[in-house]
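Here is a short briefing on charge pairs, surface patches, annotated domains and backbone details. Please keep the sequence and the 3D view open as you read.

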Amino acid sequence: MDLGYGPEYELFREEVRAFLRQHWRAVDHPGEVAAFRKLAVDAGYLHRSVPRRYGGSEQPSDVLKARVIREEFTAARAPMEIKSLGTQLLVPTLLEAGADWQKERFIEPTITGQITWCQGYSEPGAGSDLASLRTRATLRDGRWVINGQKVWTSFAHEADYMFLLARTDPDAAKRKGLSYLLVPMDQPGVEVRPLRQITGESEFNEVFLTDVSTEADWIVGEPGDGWRVANTTLKHERAWVGDVADSDRLLNSLIRLARRTPGPGGRPWIEDAGLRSRLIEVQGFVEAHRYSGYHQLSRTLKGESTGVLGLTNKISSTGIAARIAAIALDIIGDAALLPHTGPGHQSPIGAERWMNQYFGSLGSAIAGGASNIQRNIIAQRGLGLPRDQAT
Ligand SMILES: Cc1cc2nc3c(=O)[nH]c(=O)nc-3n(C[C@H](O)[C@H](O)[C@H](O)COP(=O)(O)OP(=O)(O)OC[C@H]3O[C@@H](n4cnc5c(N)ncnc54)[C@H](O)[C@@H]3O)c2cc1C
């Protein structure tokens, strides 16, 4: 089996490398990073599926080229698209299901980071069972009036807008009565209360919506079409979480940590036989994840359905991240538990980062659909097993 990309793509790889050599300098000033991104869009490397009139580079769909770009940008540590709920979830959803004026108005400022979004799906009592959500939206005098509560809303405290699911037809069947609305956050009636997370940070929020309103045409798709539109977003969310490049990056950081941290007998941890076998085991999982990614890729290239591969890849990647972080914490030992802030508390081995990585990996296994639920879907739709009796 030849897993190379072939001469056409190796030529393309050279072209990307030449672009990066010419234009990428390790800068971190936001203006310079934005200028580089603009050049990369003009060259056709970023926002490839976004039409030029909405600020993208409008390239023919080519998953292998996209992968080559990702590999080369990652190797050069050059910035790719801004990672945000807006760019990764809303923009693809608008491209698939949005009205032309919505694409015109929202896509470019979202991909350039001028406006930011949060995702208002989950509610108390409606997480895994999202379709039972109770936030109501009613059309009154040409505007949707929204009442309800959202929870676990990442970055709601700093977002300009929320894309949310609300029940617009309480008499319709659970999934049929939902609509997908775009809502400005800066208005009376939107109350954002931060939730403190296990990491000590507060990215999450509860959001209370009391007579909040939005224009009648700030709806994506038709009224009652929200379930279908929301599933477009979830598909992108799972692909985002399930990327093998993240597993590679984490494994490499772990290996660097094991090389430079003294272990038993004062020798670097990397020389410890027990640790080496754990590393090899996790490397096996990363390789399996990679080939499962190739499998998904080749089915996409042949125009075949990828079935449940997107779900299995999300589960693999969150499981790998948790395993890697657990090994890192064993290497770091008690230092991981010390306070990390304040003078004299800066950890040279990145204890704080690994602690956050560990806790964050527990969250990633829940965000965008908990692993248990994904496993049930894989069992039923992928393997044809009977429905779980407990659900
Ligand atoms: C890091 C992170 C970021 C998030 N960001 C957002 C966001 O920005 N916007 C947003 O709307 N939501 C967000 N969420 C919420 C997320 O979508 C929900 O947490 C998730 O859907 C699970 O819902 P829940 O928390 O209500 O748990 P529940 O649905 O109550 O589930 C609790 C446990 O029971 C299990 N369970 C439930 N039902 C079944 C079943 N039928 N079969 C088997 N097991 C079952 C679940 O697997 C889970 O282990 C985020 C969550 C996390 C962790």
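Glu287 and Arg290 sit about one helical turn from each other, because they are 3 residues apart in helix α8 (residues 273-301). Helices here are DSSP runs of H or I with at least four residues, strands are E runs of at least two, and both are numbered from the N terminus. The two side chains form a salt bridge, with the closest N and O atoms 3.1 Å apart. The model is predicted, so local features need pLDDT of at least 70 and side-chain atom pairs count only at pLDDT 80 or more, while totals for chains, interfaces and linings use all residues. Residues are numbered from 1 along each chain as its sequence is written, and side-chain values use heavy atoms, with hydrogens and water left out.

**Salt bridges**

- The structure holds 18 salt bridges. The term means a side-chain nitrogen of Lys or Arg within 4 Å of a carboxyl oxygen of Asp or Glu.
- Side chains of opposite charge can pair when their charged atoms come close.
- Arg290 counts as buried, at 15%. Buried means under 20% relative accessible area, exposed means over 50%, and partly exposed lies in between (1.4 Å probe, protein chains only).
- Glu71 and Arg13 also meet in a salt bridge, at 3.0 Å from N to O. This pair links distant parts of the chain: Glu71 is in helix α3 (residues 63-75) and Arg13 is in helix α1 (residues 7-23), 58 residues apart.
- Glu71 is partly exposed, with a relative accessible area of 30%. Arg13 is buried, at 10% relative accessibility.
- Both residues belong to a network of salt bridges that links Glu10, Arg13, Glu14, Arg17, Glu71 and Glu72.
- Glu123 and Lys150 form a salt bridge of 2.8 Å, N to O. The pair links distant parts of the chain, 27 residues apart: Glu123 is in the loop between β1 (117-120) and β2 (136-140), and Lys150 is in strand β3 (residues 143-150).
- Are Glu123 and Lys150 buried or exposed? Both are buried.

**Charged surface patches**

- Glu158, Glu201, Glu203 and Glu352 gather in a negative patch on the surface. Patches are made of residues with over 30% relative accessible area and no salt bridge; like charges are joined within 9 Å, and nonpolar side chains (Val, Leu, Ile, Met, Phe, Trp, Tyr) within 5 Å.
- Accessible areas come from the Shrake-Rupley method with a 1.4 Å probe, and for residues only the protein chains shown count as cover.
- Lys and Arg count as positive, Asp and Glu as negative; His and the chain ends are not counted. A charge is placed at NZ of Lys, CZ of Arg, CG of Asp or CD of Glu.
- Glu201 lies in the loop between β6 (190-195) and β7 (204-215). Glu201 is partly exposed, at 37% relative accessible area.
- Arg77, Lys83, Arg249, Arg256, Arg260 and Arg353 form a positive surface patch. Which element gives the largest share of the positive patch? Helix α7 (residues 244-260) does, with 3 residues.
- Lys83 is in the loop between α3 and α4 (85-97).

**Annotated domains**

- UniProt, in an unreviewed entry, places "domain: Acyl-CoA dehydrogenase/oxidase N-terminal" at residues 7-113. Its positions are given in the numbering used here, feature names are shortened, and annotations may be inferred rather than shown by experiment.
- Residues 7-113 are 64% helix and 0% strand, with the end C-alpha atoms 36 Å apart.
- UniProt, in an unreviewed entry, also places "domain: Acyl-CoA oxidase/dehydrogenase middle" at residues 118-211.
- Residues 118-211 are 0% helix and 47% strand, with the end C-alpha atoms 19 Å apart.

**Backbone details**

- Most residues other than glycine have a negative phi, and most peptide bonds are trans.
- Glu58 is not a glycine, yet has a positive phi of about 45°. Glu58 is in the loop between α2 (30-42) and α3, and is partly exposed at 46% relative accessible area.
- Trp152 has a positive phi of about 60°, although it is not a glycine. Trp152 is in the loop between β3 and β4 (161-167).
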